[in-house]
Amino acid sequence: MASMPSQLSPHCQEFTADDPTGSARTNFTSLSSQDTCNISGQGLRHWWFTKTTSYYRIYLVGDMLPTASKDTQLRESNSQKVHPQPMVEPINQNPQAMEAFISKTFDKISSLKSAYVRLQAAHTPYEPEKIQAADKHVISELKTLSELKHFYREKNPKPVCVSPRDSRLAAEIQEQQSLLKTYEVMVKKFQSEIQNKDSEIHQLQKQIEEANQKKVKLEKNLKLRGLSASGNENGYFPVDLTSDLFTAAIEAAFKAIHDFSKPLINMMKAAGWDLDAAANSIEPNVLYAKRAHKKYAFESHICQKMFSGFQQENFSINNTENLTITKESFFNQYLALRELDPIDMLAQNPDSVFGRFCCVKYLAVVHPKMESSFFGNLDQRNFVTGGGHPRTPFYQAFLKLSKSIWLLHRLAYSFDPTVRIFQVKSSSEFSEVYMESIVKNLKMDGIDEKPKVGFMVMPGFEIGSSLIQSRVYLSGMKVVE
């Protein structure tokens, strides 16, 4: 192939075309086969190209130089060989290639977003292994996008000149894209927080539902006991004086008797008492179905002593406080004491009516020989006789019993008409109307015989037209296995 000459070949024919740079118009030449020429326009770069049979190849030599520089450049160019090559078509001029490139780019962007979401999810909860795997995935997708960017730049070089307006638009686009990425991260973060808050709300709603269920149960229990949820002007909780309230008080008194009998029996065992003989001395001539049933004899003894004088308005205790005795005053005493610890109340006023009631009943329930065997002396008894209230565990257990019986008496005299108490004598014929057996699984030995009462464990009560049965132990029965 011929070297590039310093001037146009005589075989060239001149024609006019747009300058490739877009900045001016210049004259190009139509080259003959295997000719080379150098063309320049005013204020233009130098271009030289070669025409073969079927290819054109264009070379950008450089900006216009002074004459001496031109000659040097031409000499350097004359020493180089130029090989004809097919023209490489830019990717943006091939619609199919451009569409495939854009599709691939968006696929990779979607993959990157998916990988980033997995990376965010791995932080809540924090899982190091998942975070490391997601991080590698994000880096891999970023590398792929970077490769696509470099591929596009190689196939589509930036134009030589970019207008200031295009530069501003590009900067704004880049800024908006950065903001968009920031917003996407914030959206993911907010979505995660929303999910956490939804979970917390669900847990709180569940706790509220459970609390409401407990509230309903408590309200039912309070209603059964005649209580409500708010206090009245006297500082007491408003209570409806009903038979249900009195029934609940009876159950509390019976439980208190049972609870006090346990430490009493245990202390008698520890002191070496013959429990069989003691039970027989309390309730003689009783045939027990089981030896363990003799505990009811001790409960009967406690009940008889504690309920002695119950039918009297003053409970056989002299009223030295000059208290007004009315239905309302009895009920106010009930309300005042039921929420208090009896030992705290007696510490404030040991000589109150309730204090004297406790002293009298303790001396009646606990025999001197019994107390002496328990403690080795009668110091506690002497202290109680003098109006004191010792803080020993045994006496405090007795105070809980005294409080339950005292409250039941105050409540009984709050009704109009007053609640009546009735007792059942030993050897009486069993009546299902007025009595109930304290032991349920019993049967008679003989077919024709009727059950007989061995002794009464808990008295019965009449509230208007309602009847609360007395609890009795039946003698001569057998246990149904």
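Visitor: Where is the place of F315?
Guide: This is a predicted model, so we read each spot from computed values. F315 has a phi near 55 degrees, which is positive in a residue other than glycine. Its place in the chain is the loop between helix 7 and helix 8 (327–338).

Visitor: Is F315 buried or exposed?
Guide: A residue counts as buried when its relative accessible area is under 20%. F315 has 1% relative accessibility, so F315 is buried.

Visitor: And N285, is that residue buried or exposed?
Guide: N285 also has a positive phi, of about 60 degrees, although it is not a glycine. N285 is found in the loop between helix 6 and helix 7. The cut-off for exposed is over 50%. With 78% relative accessibility, N285 is therefore exposed.

Visitor: Which loop holds G272, and how far is its C-alpha from that of S373?
Guide: G272 is found in the loop between helix 5 (243–270) and helix 6 (275–282). Its relative accessible area is 61%, so G272 is exposed. Along the chain, G272 and S373 are 101 residues apart, yet their C-alpha atoms are separated by 8.5 Å.

Visitor: What span should helix 3 have, and how far apart are its end C-alpha atoms?
Guide: Helix 3 covers residues 128–155, which makes 28 residues. At 1.5 Å a residue, the helix should span 40 Å. The computed distance between its end C-alpha atoms agrees with that, at 41 Å.

Visitor: What covers the buried residues of helix 3?
Guide: The buried residues of helix 3 are I131, A134, V138, E141, T144, L145 and L148. An α-helix has 3.6 residues a turn, so residues three or four places apart point the same way. What covers these buried residues includes helix 2 (95–121).

Visitor: What do the buried residues of helix 2 pack against?
Guide: Helix 2 has 27 residues and reaches 39 Å from its first C-alpha to its last, close to the 39 Å expected. Its buried residues are M98, F101, T105, L112, A115 and L119. They pack against helix 3.

Visitor: At what angle do helix 7 and helix 10 pack?
Guide: Helix 7 is residues 295–306 and helix 10 is residues 353–365. Helix 7 passes helix 10 in a right-handed crossing. Their axes are 9 Å apart, and the angle is about 140 degrees.

Visitor: Which residues meet there, and how many are nonpolar?
Guide: From helix 7 come H301, I302, K305 and M306, and from helix 10 come F357, K361, A364 and V365. One residue of this contact is polar and two are charged. The nonpolar residues number five.

Visitor: Stepping back, how many helices and strands does the protein have, and what share of its residues is buried?
Guide: The protein has 13 helices and 13 strands. Of the contacts with a separation of 6 or more, 61% are between residues 24 or more positions apart. Among the 481 residues, the buried share is 33%.

How values were computed
Residues numbered from 1 in each chain as written. Predicted model: local features only at pLDDT ≥ 70, side-chain atom pairs only at ≥ 80, totals over all residues. Heavy atoms only, no water. Axes fitted to C-alpha atoms, helices over the stretch in contact; angles between N-to-C directions. Helix = DSSP H or I, 4+ residues; strand = E, 2+ residues; numbered from the N terminus. Left-handed = near helix turned anticlockwise from the far one by under 90°. Contact = heavy atoms within 4.5 Å. Nonpolar A, V, L, I, M, F, W, Y, C, P; charged D, E, K, R; others polar. Buried < 20%, exposed > 50% of the residue type's maximum accessible area, 1.4 Å probe, protein only. Expected span 1.5 Å × (residues − 1).
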